[in-house]
Each structure stands twice: as structure tokens, then as C-alpha cells.
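Visitor: Hi! Could you walk me through this one?
Guide: Happy to, here it is.

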Amino acid sequence: MLEGWARQQRSRFLQESGTIAPRLALIRRMADFTGQYPWQWTPAEAEAFIAHLRSGSKPIMVSTARGYEISIKMFCAYISDPR
């Protein structure tokens, strides 16, 4: 799934180091956090993941959280696309 999503992004001429690699790392972090496969995720898992990143000694900024949410949404749209 991740390689297919990376290929899709490369075909849109997105940069590997600046866009694709960070997005893949984020999805891997969420998978590690939830302990579930992406097709098992619900909005609750995404909310818990973002809440976790927004808490603690070094919380992420709101703008970063929103960017992460968009990346997660794009990945879920890719893996659930019936085409």
C-alpha cells in the first residue's frame, strides 16, 4: 500500500525528500501508534494519534497537526479508492 501511494505521488511529480518520505513516515508512525492495519482505522484512531502528538513535553503545532490530518486523509482515500 505504501509503495503504491508513493508511486502515485511520484507520478504527480512530488518530491521524494520533501513530500513523499515525510508522508510515508507519518503513516508508519500512525500504524505503530494504533497497532492496526490502515483498513482497520477509524476516525477515533486518527484523533487519538493527533491528540497524542499534541500532548507531552514537545507538542506539535496546530498547523502541523492539520497537515498531518490531511496526509492521513489522502492516504486513506488512496487505499479505499475502488478504482
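Guide: Below we go through the fold, the surface and the core.

Visitor: What kind of model is it?
Guide: This is a predicted model, where local features need pLDDT of at least 70, side-chain atom pairs count only at pLDDT 80 or more, and totals for chains, interfaces and linings use all residues. Residues are numbered from 1 along each chain as its sequence is written, and side-chain values use heavy atoms, leaving out hydrogens and water.

Visitor: How many helices and strands are there?
Guide: The chain has 4 helices and 0 strands, counted as DSSP runs (H or I of at least four residues for helices, E of at least two for strands) and numbered from the N terminus. The radius of gyration is 13 Å, close to the 12 Å of the globule rule for 83 residues, so the chain is as compact as a globular protein of that length. That radius is taken over C-alpha atoms, and the rule is 2.2 Å times the number of residues to the power 0.38.

Visitor: And how much of the chain is buried?
Guide: Of the 83 residues, 27% count as buried, meaning under 20% relative accessible area with a 1.4 Å probe, protein chains only.

Visitor: Which residues have the most contacts inside the largest nonpolar core?
Guide: Ile 27, Phe 49 and Ile 72, in a core of 15 residues. Such a core joins buried Ala, Val, Leu, Ile, Met, Phe, Trp, Tyr and Cys residues through side-chain atoms within 4.5 Å.

Visitor: Which helix gives the most to it?
Guide: α2, with 5 residues.

Visitor: What does Ile 27 touch?
Guide: Leaving out residues up to four places away in sequence, Ile 27 touches Leu 2, Trp 5, Trp 41, Ser 71, Ile 72 and Phe 75, with contact meaning heavy atoms within 4.5 Å.

Conventions: Buried means under 20% relative accessible area, exposed over 50%, partly exposed in between (1.4 Å probe, protein chains only).
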